[in-house]
Amino acid sequence: MHVGKVIRDIRINKNIPSNKVYKNILSRPAIAKFEKGLSDTTVEKFFKILNVLNITLEEFEVIYKNAGNKDLLYTRKYIEAYYKKNVAALKQIAFDVKKEYLETGNEKFRHYQALVLLLIEELNGTNKCREELDVIQNYLMNCNSWGYYEVTLFTNTLSFYSNELIDLVYSRAMNTLLILKNLKRYRNEVALMLFNILEIKIVSKKVSSAKFYLTELNNIKLDVVDNMYIQAMIKYFTAILDLIDGKYQEDVVFKIAEMFEFLGLDSKKSQCLSFYNKVKTLYSIA
């Protein structure tokens, strides 16, 4: 129902009269109910309306999310609370999403609850929420086709999985991921997911497995050619694996760190150098 209100705001901001937007699409009474959020419309009519408004589906989605999408709201909340190590805030989010789940029956709110409870356990240094991890794992394993939601859910819970489970879940979703990489919205998420997997594999000393995922990353390199950060990180992980193989690639690592510093991304520079030093220690590289 919220869609009609967002459409109304876009129409007004573009100074397009309602009779031009909805001509041969909705009747006058239907227009009023739609824009007040009292009724919905068909998918076919929705796409016709977007076409008249000269707005793409991706553009609409951005506007729609900023206008009150709860997924984005909860994601921002739990990420902020986790990095601030605010356990009380995380407990409140877990309570809120559980309430959403009980009221709506929407499984994604159950997943948010499980994820937040796992984050709380991680901050507390305990491991009492095995059933919460099962909720997410079972969902991902039973999905024959992944979308943006599944990619981000997998990425956000990677640190809780074993190496074997990461390989298993990824192999089940690989064909879908290769399709998704052709869609602009997904391709960067797939790359970020692979960065996280690479880090886990390298720390676990699963070098051959890490090289497999680096190959997967290189397979989508051209699809993200416009993203400087992703291209830099591909070179970074290539240099790290070369370093493990005994090839001198420290200069590449330092150049990438300097680039992040030049761009004002000091935290990213620090993360890269920290991981580089961690790898040197783990693999006894002088």
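Trainee: How close do the axes of helix α9 and helix α10 come, and at what angle do they cross?

Mentor: The axes of α9 (residues 130–142) and α10 (residues 148–156) come within 11 Å and cross at roughly 140°. Keep in mind that this is a predicted model, where local features need pLDDT of at least 70, side-chain atom pairs count only at pLDDT 80 or more, and totals for chains, interfaces and linings use all residues. Residues are numbered from 1 along each chain as its sequence is written, and side-chain values use heavy atoms, with hydrogens and water left out.

Trainee: Why are α9 and α10 called oblique to each other?

Mentor: Angles under 35 degrees count as roughly parallel, over 145 as roughly antiparallel, 65 to 115 as roughly perpendicular and the rest as oblique. The α9/α10 angle is roughly 140°, so the two helices are oblique.

Trainee: Which residues make that contact?

Mentor: Ile136, Tyr139 and Leu140 of α9 meet Tyr149, Glu150, Leu153 and Phe154 of α10, with contact meaning heavy atoms within 4.5 Å.

Trainee: What residues does α7 bring to the contact with α8?

Mentor: Among them are Val87, Leu90 and Tyr101, while α8 brings residues including Phe109, Val116 and Leu123.

Trainee: On to the rings. How many aromatic pairs does a search of the whole structure find?

Mentor: The search finds 15 aromatic pairs; rings of Phe, Tyr and Trp (its six-membered ring) pair if their centres lie within 6.5 Å.

Trainee: Why is the Phe46 and Phe60 pair called edge-to-face?

Mentor: Planes under 30 degrees apart count as stacked, over 60 as edge-to-face and the rest as tilted. The centres of Phe46 and Phe60 are 5.2 Å apart and the planes stand at 75°, so edge-to-face it is. Phe46 sits in α4 (residues 43–52) and Phe60 in α5 (residues 57–66), 14 residues apart.

Trainee: How do you know whether Phe46 and Phe60 are buried or exposed?

Mentor: Buried means under 20% relative accessible area, exposed over 50%, partly exposed in between (1.4 Å probe, protein chains only). Phe46 has 13%, so Phe46 is buried; Phe60 has 5%, so Phe60 counts as buried too.

Trainee: What makes Phe154 and Tyr161 a stacked pair?

Mentor: Their planes are 20° apart, with 5.7 Å from centre to centre, and under 30 degrees counts as stacked. Phe154 and Tyr161 are both buried.

Conventions. Helix = DSSP H or I, 4+ residues; strand = E, 2+ residues; numbered from the N terminus. Axes fitted to C-alpha atoms, helices over the stretch in contact; angles between N-to-C directions.
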